[in-house]
Amino acid sequence: MNVKSQLSTLKAYTPGKTTDEVKREYQLDKIVKLASNENPYSCSPNVLKAISQTDTLAIYPDGAAVKLKEAVAEHLEIDQAKLIFSSGLDELIQIISRAVLIPESNTVMASETFSQYRHHAIIEGAEAREIPLREGVHDLDKMAAVIDENTKLVWICNPNNPTGTYVPKQELIDFLDKVPNDVLVVVDEAYYEYVTINDYPQTIPLLDEYENLLVMRTFSKAYGLAGIRVGYGVANPALINKLDVVRLPFNTSTLAQTAAIAALEDPEFIEECVIINTNELQKYYQFFDQQKISYYPSQTNFIFLRLNESSIENMFQQLLEKGWIVRKFPNGIRITVGTEQENEELLNVLKEVIPKI
Ligand SMILES: *Cc1c(COP(=O)(O)O)cnc(C)c1O
């Protein structure tokens, strides 16, 4: 079959072992999966109520997501024309890549960062210029330095997945001032709600000044709606109009739109989850400090442990055999912050595991 030759260099996304697979393989009764940065407290009860009252599944969803657009525009205090919705940010990454990248062009991103930026660049036949993180943080000077006349797109994951680190406000502004204004800069704010630090950039107000800026947010993480698939982009209306050409007509479902609106109506749910998350992160920090395990301070609902190759394999495997699924990367292990009880249990398990790695 004549598929694009570059597809042979890529693999379909593998989410890791499922809970059932691990249960069977290690004969365990209980598995805790802290591998995908989902909200351990699920979602607002508002959402479950709203979707259970939906009675219109036989007809197509509102392709323009009019009501959701109104709700998000009000939430962000912006013009509705600045919004595009997608079936999660994964789809928005695909839409942007498809709209912007051509063969021979390039896109600049960090490494390690969210894997889908590179994935879609390669599918479009573009080059992915990956600039290593500096102490876990985007190296914006180096990223600016590799931009050339073929650069169409820059990805900044802020806070970054998998490290949980962030680019401070002034650094982002200095970078935006350096980037040519025909190069699109996408800031992926999937963990926006969890950020507590003061000098984190508020990007929505920057959109008027930088027409080449696009901000991405999602309902999958703090809002606890990963299973229903809805996210959005915010940018200047001319760019949004172009991206809408690429977007599939009915890309967000009726249930997804209903769920997202209901989620926005319960800000207290998010506030509570964020308070607990911030507290729980402190417990992890304290523990890893005691254990002399190096980590990056996190502005998200996960924590990244900096380990050598053999420790990574060792810790991952021992946790798996005890029923704990985390995520491994070339330079460390990422643990999603669970419920208070899950974290307490995990810290007890880690007490046994760490001396053996
Ligand atoms: C989880 C995640 C996404 C994808 O989120 P969906 O909206 O569920 O597709 C995008 N970017 C980052 C950095 C993420 O961690």
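Before the strands, one definition: two strands count as paired if DSSP finds at least two bridges between them. Helices (H or I, at least four residues) and strands (E, at least two) are DSSP runs, numbered from the N terminus.

What you see is a predicted model, in which local features need pLDDT of at least 70 and side-chain atom pairs count only at pLDDT 80 or more, while totals for chains, interfaces and linings use all residues. Residues are numbered from 1 along each chain as its sequence is written, and side-chain values use heavy atoms, with hydrogens and water left out.

On confidence: pLDDT is the predictor's confidence in each residue, from 0 to 100. The protein averages 97, and 100% of the residues score at least 70. The lowest confidence is in helix α1, residues 19-26, with a mean of 90, and the highest is in strand β6, residues 184-188, at 99.

Now the seven-stranded sheet. It is open, its pairing is mixed, and the order is β2-β8-β7-β6-β5-β3-β4. β2 (83-86) and β4 are the edge strands with a single partner each, so one side of each has no neighbour in the sheet. From one strand to the next the twist averages 20°; angles here run from 0 to 180 degrees between N-to-C directions, and axes are lines fitted to C-alpha atoms, for helices over the stretch in contact.

Within that sheet, β6 and strand β7 (residues 213-218) run parallel and are joined by four bridges. Which residue of β7 is the bridge partner of D188? That partner is M216.

M109 has E130 of β4 as its bridge partner. Between β3 and β4 the chain goes through helix α5 (residues 116-123), in a right-handed β-α-β crossover. Right-handed here means that, with the strands pointing away from the viewer, the path from the first strand over the helix to the second runs clockwise.

Helix α4 (residues 88-100) lies across β2, β5, β6, β7 and β8 (231-234), at about 155° to β7. Contact, for this and what follows, means heavy atoms within 4.5 Å.

The other sheet has four strands. This open sheet has antiparallel pairing and the order β9-β10-β13-β12. Its edge strands, β9 (294-296) and β12 (327-329), each pair on one side only. Neighbouring strands are turned by 30° against each other on average, direction ignored. β12 pairs with strand β13 (residues 332-336) over three bridges, and K328 has I333 as its bridge partner in β13. Helix α10 (residues 267-290) packs on this sheet, touching β9, β10 (302-306) and β13, and its direction makes about 15° with that of β10.

Next, a helix pair. Helix α2 (residues 45-52) packs with helix α9 (residues 254-264) at an angle of about 145°, the axes being 8 Å apart. N46, V47, A50 and I51 of α2 meet L255, T258, A259, A262 and A263 of α9. Sorted by class, that contact has seven nonpolar, two polar and no charged residues. For the classes, Ala, Val, Leu, Ile, Met, Phe, Trp, Tyr, Cys and Pro count as nonpolar, Asp, Glu, Lys and Arg as charged, and the others, Gly among them, as polar.

Last, the backbone. Where are the cis peptide bonds I want to point out? One runs from S111 to E112, with omega near -5°, and E112 sits in the loop between β3 and α5. Another joins N158 and P159, with omega about 0°; P159 is in the loop between β5 (151-157) and α7 (169-178). Finally, S42, in the loop between β1 (32-33) and α2, has phi near 65°, a positive value in a residue other than glycine.
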